[in-house]
Amino acid sequence: MALSINQQAEKLVVPGIRQFSNQLVDYPEAVNLTIGQPDFPTPESVKRAGVKAIESNQTGYSHNAGLLELRQAASRFFLDTYGFRYDPETEIVITNGASEALDSVFRTILSDGDEVILTAPIYTAYESNIELCGAKVVYLDTSDTDFLPSPERLENMITPRTKAVLLNYPSNPTGVTIPPQLMDQLVEVLEKHDIFIVSDEIYSENTFAGQHMSFAAYHQLRDRFFLVHGLSKSHSMTGWRIGFLLGPAQWMKHVLKVHLYNSICASLPSQYAGIEALDNCRDVPAAMNKEYIRRRDFVYRRLTEMGLDAVKPNGAFYIFPSIEKFGIPSFEFCTRLLKEAGVAAVPGSAFTDYGEGFIRISYAYSMDILEEGMNRLEKFIESLSGSPMGNR
Ligand SMILES: Cc1ncc(COP(=O)(O)O)c(C=O)c1O
């Protein structure tokens, strides 16, 4: 009998972003604006906390839910920063990055045939995690509403098969944040239906206008609400793999089993580094944001001057301009941009079909790199338009 593997695994495709960045090796001189991680080093004291943990032989397993000390630090952080309380003993699990938090929560709540509503364009790892559970993704188009989800559309999409809604604000790939009034309206819809809400707020510390508001602040949703978070973006710790999953005790006890059978616990030295990040480095994201805002303003201005329309992002470190007017599919646009002008940006189609007609530019790069990237992009656009700034 021929060997076969899990059909859902077989169906998974290499992420569009990876398919595109695989081409980059052939263009070593290209200005790469594709990377989704901060270009700042991990804070010194956080690195020292990790080193100290290793040197003092804190290199074994921890409690499956993570060190209680780290869970307490996380609980304090969310209480002090956003005013909501999660019990470190029963409502918080430390995961291997937000990625594992997402995987564990989906595998806990989803069964064959369930549907999950996702706003789109969106980070594509969700879809794969959801489909591996035998569940189906249903996309709520935001490409014609400035990347903000319409409450009416959400309401119309909820059916008896809907098991969960996933929200990701600030958003990857668009950088948009969600205004409080719209949050209220979405919550009004969600309140009426017995479904889970998973909110990936990994970019919450990278909010540029006002304070981030979390969906966790809505008490009426709390008994079926999961908050996904982590230190990858806020403290430039992508390689340390520390994430947080917060949710109601009645469901978290099941999530904990899924998590522990998958990975036992998060890396212990990284957990010690995480305590330092949460307790003593709370102002680090603000310092990074100062720089991101400068870069965002620069990139936004240059794109606008080139005649590219973009929603001005208020969070994360991405901008998602439209390239629709050139009539070229985004994968082809980005491939030509790379080959002809030496700039790498991610095709919008890497973020679902609803991202077609856009490209994602990361500004987690120095001003020098961004300036060179924008100069090259401008020349490329001129070559497409046939004349300098011809499409303005
Ligand atoms: C929206 C979003 N969620 C989750 C992740 C994964 O984060 P982590 O490194 O904590 O696994 C990313 C990484 O780019 C992301 O953009």
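User: Which residue stands opposite Ile94?

Analyst: Phe244 in E8 stands opposite Ile94. This is a predicted model, where local features need pLDDT of at least 70, side-chain atom pairs count only at pLDDT 80 or more, and totals for chains, interfaces and linings use all residues. Residues are numbered from 1 along each chain as its sequence is written, and side-chain values use heavy atoms, with hydrogens and water left out.

User: In what sense do E2 and E8 pair?

Analyst: Antiparallel, over four bridges, with E8 at residues 243-246. Strands are DSSP runs (E, at least two residues), numbered from the N terminus. Two strands pair if DSSP finds at least two bridges between them.

User: What's the strand order in the sheet?

Analyst: E2-E8-E7-E6-E5-E3-E4. Seven strands form this open sheet, and the pairing is mixed. Strand E2 (92-95) and strand E4 (136-141) are the edges, each pairing on one side only.

User: Switching topic. How many cavities of 30 Å³ or more are there?

Analyst: One. A cavity is a set of points on a 1 Å grid over the protein atoms alone where a 1.4 Å probe fits but cannot get out. The largest cavity holds about 50 Å³ of space, the volume being that filled by probe spheres set on the points.

User: What lines the largest cavity?

Analyst: The lining residues, with an atom within 4 Å of a point, include Thr119, Phe147, Asn168 and Tyr169.

User: How many are nonpolar, polar or charged?

Analyst: Five are nonpolar, six polar and none charged. Asp, Glu, Lys and Arg count as charged; Tyr, Ala, Pro, Ile and Phe are among the nonpolar types.

Methods: On a 1 Å grid over the protein atoms alone, a cavity is a set of points where a 1.4 Å probe fits but cannot get out, and a pocket is an open set with protein on both sides within 12 Å along at least five of seven lines; lining residues have an atom within 4 Å of a point.
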